[in-house]
Amino acid sequence: MIQTRTPEQTSFRQHLIDPETCIRCNTCESRCPTKAISHDRNYVVDPERCTYCMRCVRPCPTGAVDHWFIVDRPYSVQDQLAWSKLPDPSRSSAVEDVPDAFDEEALKLLEDAHEAMGGPGKAPESASKPQVNVYTRTNPAKATVTGNIRITAEGSASNVHHIIVDFGAVQFPYLEGQSVGVIPPGIDLDGRPHTMRLYSIASARDGERPNTNNMALAVKRIVQRDDGGREVRGIASNWLCDLQPGETVEIVGPFGSTFLMPEDPDTDLLMICTGTGVSLFRGFTHRRRRTCPNARGRLFLFYGARSADELPYFGPLQGYVQSELHRELVYSRSTGSEKEYVQDRLRRRAADVAELLRKDKTHIYVCGLRGLEDGVEAALTDIGREHGIDWKTLRPELRRTGRLHIEVY
């Protein structure tokens, strides 16, 4: 969790400014509402005044202000004024760290999503550095809906919408694998504002088309029945799915600092998902296709749904040749075929999966409904046993090196 900022405490997250890349433009100091930032030789942050409001981060022209360290004892203003560069982790106890979020509610949602992995993971070594919580509840980004279409078959039980929002002249920096927060308008039955919902970004960082300042979200409309048979409609999902082009929505974030894709084109990505969990992998696929179309590393997608009609992005997925994106589409309730889940398909492709597990540049991603991870890990254990690989030994090594990522909800 985010620490309260008591200078005497241990394991303190401290905001610092890089004196090497800072151009002394005074933008950060002029935006700081608590006067935590000041300058003399360097621009520095007072740890007793900084509230992590992020108002200084977005306008910084060089990114010098976007540095966060875990320290045993906060560096004083005097310490920072004497620096010529940021602390070297190899020579001190300070460790540079980007949190998943500075918003307590968003952080709790991500902690729950990562619980199956045993806690927060580690970003891939070659991943780009993420920015988090650039836009806050009190200062959200305002975006305009430019598209909202259903991407599962009409009449199917799963109603998923592809929603495109445009930020206009406002820059909203995000990476593939991150999420954003939305807060539905209005109040709940207790008279309080609705809680935040997180949605995975379904686009590459440069937008739906290259160099467009927009992003897409895949949102499943939630309509259920309570014990009395009455219809219960999800507040956020139905609000989003009903948005019309031209309407505006306030967006907070982005959030997430570890479920990111490697930039190394030699890496293989094994992506395992169900339902709207494919959103993140759509962004991964677009990024690799745009930046490294001839990459040696390959993309493998094991994607499960009840039927083809309920599979989001079923049509667009057919536009990829297998050499670009190797697809294993799996259906658990398809008429006239044997019931199959993604873990069953992993076992059927055991030889190919084992080959990936043996490579030191394979990254494994799991995203979907909670419980998916249990079946996947059981399949990987079985595949490892069959092919002489100890998954229980390999798993912590993959996590330690930023090559295993699990996000379930």
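**Stop one: a pair on the surface**

Start by selecting Arg289, which is partly exposed at a relative accessible area of 38% (buried means under 20%, exposed over 50% and partly exposed in between, with a 1.4 Å probe and protein chains only). A quick note before you go on: this is a predicted model, so local features need pLDDT of at least 70 and side-chain atom pairs count only at pLDDT 80 or more, while totals for chains, interfaces and linings use all residues. Residues are numbered from 1 along each chain as its sequence is written, and side-chain values use heavy atoms, with hydrogens and water left out.

Arg289 sits in helix H5 (residues 278-291) and Glu324 in the loop between helix H6 (314-317) and strand E16 (326-331), so the pair ties together parts that are 35 residues apart in sequence. Helices (H or I, at least four residues) and strands (E, at least two) are DSSP runs, numbered from the N terminus. Glu324 is partly exposed too, at 29%.

Select Arg348 and Glu340: their closest N and O atoms are 2.9 Å apart, in a salt bridge. Which of the two is buried, and which exposed? Arg348 is exposed at 53% relative accessibility, whereas Glu340 is buried at 11%.

For another pair, pick Arg233 and Glu231, with closest N and O atoms 3.6 Å apart. Arg233 is partly exposed at 39%, and so is Glu231 at 43%. The count for the model comes to 30 salt bridges.

**Stop three: rings**

Show Phe259, Phe281, Phe284 and Tyr365, a cluster linked by ring pairs. Rings of Phe, Tyr and Trp (its six-membered ring) pair if their centres lie within 6.5 Å; planes under 30 degrees apart count as stacked, over 60 as edge-to-face and the rest as tilted. There are 10 aromatic pairs by this rule.

On a 1 Å grid over the protein atoms alone, a pocket is an open set of points with protein on both sides within 12 Å along at least five of seven lines, a cavity is a set where a 1.4 Å probe fits but cannot get out, and lining residues have an atom within 4 Å of a point. Grid points are joined across faces, edges and corners, and a volume is the space filled by probe spheres set on the points.

Elements giving two or more residues to this lining include helix H3 (104-114) and strand E10 (214-220).

The second largest pocket has a volume of about 520 Å³. Find its centre through Lys122, Ala123, Pro124, Glu125 and Ser126, the closest of its 24 lining residues.

**Last stop: the cavities**

How many cavities of 30 Å³ or more does a search of the whole structure find? It finds 4. The largest cavity has about 110 Å³ of space, and His15, Cys32, Cys50, Cys53 and Cys56 are the closest to its centre among 17 lining residues.

Terms used. Salt bridge = Lys/Arg side-chain N within 4 Å of Asp/Glu carboxyl O.
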